[in-house]
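Reader: Please set out the pairing of strands and charged side chains in the structure shown here.

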Amino acid sequence: MPIAPGTPAARVIDRVHRFPANGRKNAAPALCAGLAVKSGMDHDAALRAITINHAHHVGIADRGGSVEAGKDGDVVVAGVDSLVSSTEILAVFVDGKKVG
């Protein structure tokens with residue numbers, strides 16, 4: 001499913017790729033993590049690097065970076081492997097509600 005600019009799905013993906021402190025876009029975390037895996041990094045470690053570890057780094061781990069009760073319900077569900085750029089987006093949830 002292609003992600004159209006300005007849609008709720010695009011906003012979730014955009015939020016994942018921003019540093020909250022300065023609003024600058026991060027350099028495609030999933031792509032970087034995928035390249036790290038291709039170069040030998042453990043897959044789970046790469047996924048943590050762009051989710052919970054990133055959330056801790058930018059100071060939002062109390063509300064994002066992992067799927068837990070009480071945290072923001074913004075989730076992108078990917079196909080076979082979320083670290084492969086050609087993986088299909090299966091569903092997008094914003095504040096716990098499916099969109100798109």
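Author: A salt bridge here is a side-chain nitrogen of Lys or Arg within 4 Å of a carboxyl oxygen of Asp or Glu. The model is predicted, so local features need pLDDT of at least 70, side-chain atom pairs count only at pLDDT 80 or more, and totals for chains, interfaces and linings use all residues. Residues are numbered from 1 along each chain as its sequence is written, and side-chain values use heavy atoms, with hydrogens and water left out.

Reader: How many salt bridges does the structure hold?

Author: Side chains of opposite charge can pair when their charged atoms come close. By the criterion stated above, the number of salt bridges in the structure is two.

Reader: In the salt bridge of E68 with K71, how far apart are the closest N and O atoms?

Author: E68 and K71 form one of these salt bridges. The closest N and O atoms of E68 and K71 lie apart by 3.2 Å.

Reader: Is K71 buried or exposed?

Author: Buried means under 20% relative accessible area, exposed means over 50%, and partly exposed lies in between (1.4 Å probe, protein chains only). E68 has a relative accessible area of 46% and is therefore partly exposed. The relative accessible area of K71 is 16%, so K71 is buried.

Reader: In which order do the three strands form the open sheet?

Author: Strands are DSSP runs (E, at least two residues; helices are H or I, at least four), numbered from the N terminus. Two strands pair if DSSP finds at least two bridges between them. β1 (75-78) and β3 (97-99) are the edge strands, each pairing on one side only. The pairing is antiparallel, and the order is β1-β2-β3.

Reader: Which residue of β2 is the bridge partner of V77?

Author: β1 pairs with β2 (residues 89-94) in the antiparallel sense over four bridges. V75 has F93 as its bridge partner in β2. For V77, the bridge partner is A91.

Reader: Which residue takes a positive phi in the hairpin of β2 and β3?

Author: β2 and β3 pair in the antiparallel sense over three bridges, and V92 stands opposite V99 in β3. Two residues lie between the strands of this hairpin, and the residue with a positive phi near 50 degrees is D95.
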